[in-house]
Amino acid sequence: MVDAPFEAAIHALVHADHGDPFSVLGPHDGPDGTWQVRGLFPDARTVEVVDAGTGETLAEARRVHPHGFWLAAIDGEQRPYRLRIDFGTGPMEFEDAYRFGPWLGDLDRHLFAEGTHLRLWERLGAHPTEIDGVAGTAFAVWAPNARRVSVVGDFCNWDGRRLPMRLHHGIGIWEIFVPRAGRGDLYKFEIKGPDGTMQPLKADPMAFSAEPPPRTASVVHGTPPWTWADGDWLERRPGTSDLRAPMAIYEVHLGSWKRGPDNRYLTYRELADELIPYVAGMGFTHIEMLPVTEYPFDGSWGYQPVGLFAPTSRFGTPEDFRHFVEAAHRAGIGVLLDWVPGHFPADPHGLGLFDGTHLYEHADPRQGFHQDWNTLIYNYGRREVQNFLLANALFWLDRYHLDGLRVDAVASMLYLDYSRKAGEWVPNRFGGRENLDAIELLRRTNELAYGEHPGAITVAEESTAWPAVSRPTYLGGLGFGYKWNMGWMHDTLNYMSKDPVHRRWHHHNLTFGLIYAFSENFVLPLSHDEVVHGKGSLLNKMPGDRWRKFANLRAYFAFMWTHPGKKLLFMGGEFAQEREWSHDRGLDWFLLSLPDHEGVQRLIRDLNHLYRELPALHRLDCDPAGFEWLEANDSETSVLAFLRKDDEGRMTATVCNFTPLPRHGYRLGVPAEGWWAERLNTDAERYGGSNVGNGGGVRTEEVPAHGRPYSLSLTLPPLGTVVLEFQAGTA
């Protein structure tokens, strides 16, 4: 017989509705000097408690509830024990999950309550470990409003009655150590909401690995120690990310850069063998990956993640991803992750209504629903959510030695009325449109990234005129290292799309960007967003016949590479991919058998090496002292020219002719007497051009022009850009 309270507890357990299973299950004191072992084994035929050392039977348990609650009474003092259970296939021995103490310590609970547990990944999630000499996995998940949480998986036949978890009251974390669960096991969380409604099985928000989509289970992996071999890279990394360093970023969607046989994905290891040498050989300094945080839908390109702590299993294991990063570092290439803290999808196994309440997202759709993308918006004002995102940013920099984060859709985070009409948004506490909680999150993320990981950078995709995005937080800025220059990209692509006969009327599209070019630390982006959704490829944005399209594109690339600002180019642009990008196939590498495409690739390689070789082209990329107009107003001939300088007197001149007419004897004033060597000409035959140019270079003449005492008489190639390096006294 059992008393009424105990009977009620058993009833709650077997109906998956008990919030404190450890108070009932496992070893407990019994009456009259006995002790009891209690367990919930719905499908068991027999249950025995046996001595952990000798295997001797201590007691046979009896079923005290028809739904599988068993109880064994044992005389004497408690001792180490195991369970011998027959599920119909013969007896098997198990450790009892309910005899182990808590996984979280006092400090973990304290830091989580404060919202300052910046290494949250070390305690939440699924961690293979050993407790009291027993191997298993510690599971921990935040679900403060749940009535009951169970871990389900391969190790319990996906039966939510078997492993209900321990609740840490006050912080809402549920945890349990499960003996015999180990690396590779699939699992999810079964959660009963506060109103008793059973939620869809939830993937682990802190999972470190996941099943390949479309399957959605988390995979036990943990964070095993790794021995890295990139110490030399990390030591010199601060010099590669400095504002004065050259930075040419190759933006890549790993799933469509190249495909294997039968259109299969390349693995992280195959990409390490093929992509990394290619990027290094092309002269790029960094790779920026479209999001690789686990995501369910291929067509989102990773921008709707559900597993922020797991590199997508599409391309391999976490170890494979680490290998990819290390290979990049060995080649001297930095690796940036496109990070998405702005929203998340509403897939039923994801974060939405995680514990039956709006836990991660705002409850009010005016704050919590993204109308543009049909996604959910994080509640940045909730300290646990902010802690989750801060820890995630640091996780990638710490665990995978990534060299920086490009933060997606920052504008959508900054403005409460982003893409909303009047009445569709909620003002902040001062009545304004600024999202104060998101601002706090972004500032803190940047402070931590730069403070804890020397040489790592953060880059904002921010498309508005929000002030001081890339200025320090102590000066009132957001603290990013760099900001994408979306205005420059839109203006210049608009100009290049015009027929040359009309360009004179749009000349300011090329010059306007210099009015604000040094208000931020800018990256000039020709990203994936410009070659999808019917926008066409970069090549096909260019007007004219085939020859003119290629000439325009080459001239534009040289204008970009010598313009102030760091550079970013999406894959395929470097060899003039003709088709619009599709995530479902690899790039059209066969085009490199055609001279025009090979010429563009050769140009990008040469531009990267020139950009890195000449300090004048990068040392003062973010400093107005590094730029000077030579000719900004010649709209009639669609010619412009500018000077790039460093802080030691070195200079280059870029001269662009955006018409198909060659211009002979074009007089250009320059600030110094001597030899100006022609270092690059986009019309050179090696790039597919007509080879109109200035030979080895041009010597100044004492003919005043453009307000300067010296000038050059130049031959400007049709739809071409020439780059000249000042070399005083050189013949």
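The largest cavity holds about 160 Å³ of space. The model is a predicted one, and a search of the whole structure finds six cavities of 30 Å³ or more. Lining the largest cavity are 16 residues, and those nearest its centre are Phe41, Ala97, Arg162, Leu163 and Arg180. Two or more lining residues come from each of the elements β2 (34-40) and β7 (81-86). By class, the lining of the largest cavity comprises 11 nonpolar, one polar and four charged residues.

The second largest cavity has a volume of about 100 Å³. Its lining consists of 14 residues, with Val531, Met571, Gly572, Gly573 and Gln577 closest to the centre. The class make-up of the two linings is set out below.

**Sheet and packed helices**

Six strands form an open sheet in the order β28-β29-β30-β35-β32-β33, and their pairing is antiparallel. At the edges are β28 (627-631) and β33 (697-699), each of which pairs on one side only. On average, and ignoring direction, neighbouring strands of this sheet are turned by 25 degrees against each other.

Within the sheet, strand β29 (residues 639-645) and strand β30 (residues 651-657) run antiparallel and are joined by seven bridges. Arg644 has Thr652 of β30 as its bridge partner. Helix α13 (residues 546-562) packs on the sheet, where α13 touches β29, β30, β32 (675-681) and β35 (720-727). The direction of α13 makes about 40 degrees with that of β35. Another helix, α14 (residues 595-613), lies across β32 and β35 and runs at about 140 degrees to β32.

**A helix pair**

How are helix α2 and helix α7 packed, in terms of angle and axis distance? Helix α2 (residues 106-114) packs with helix α7 (residues 383-399) at an angle of about 110 degrees, and their axes are 8 Å apart. Angles of 65 to 115 degrees count as roughly perpendicular, so α2 is roughly perpendicular to α7. On the α2 side, the contact is made by Leu111, Phe112, Ala113 and Glu114; on the α7 side, it is made by Arg383, Glu384 and Asn387. Sorted by class, this contact has three nonpolar, one polar and three charged residues.

Methods:
Residues are numbered from 1 along each chain as its sequence is written. This is a predicted model: local features need pLDDT of at least 70, side-chain atom pairs count only at pLDDT 80 or more; totals for chains, interfaces and linings use all residues. Side-chain values use heavy atoms; hydrogens and water are left out. Axes are lines fitted to C-alpha atoms, for helices over the stretch in contact, and angles run from 0 to 180 degrees between N-to-C directions. Helices (H or I, at least four residues) and strands (E, at least two) are DSSP runs, numbered from the N terminus. Angles under 35 degrees count as roughly parallel, over 145 as roughly antiparallel, 65 to 115 as roughly perpendicular and the rest as oblique. Contact means heavy atoms within 4.5 Å. Ala, Val, Leu, Ile, Met, Phe, Trp, Tyr, Cys and Pro count as nonpolar, Asp, Glu, Lys and Arg as charged, and the others, Gly among them, as polar. Two strands pair if DSSP finds at least two bridges between them. On a 1 Å grid over the protein atoms alone, a cavity is a set of points where a 1.4 Å probe fits but cannot get out, and a pocket is an open set with protein on both sides within 12 Å along at least five of seven lines; lining residues have an atom within 4 Å of a point. Grid points are joined across faces, edges and corners, and a volume is the space filled by probe spheres set on the points.
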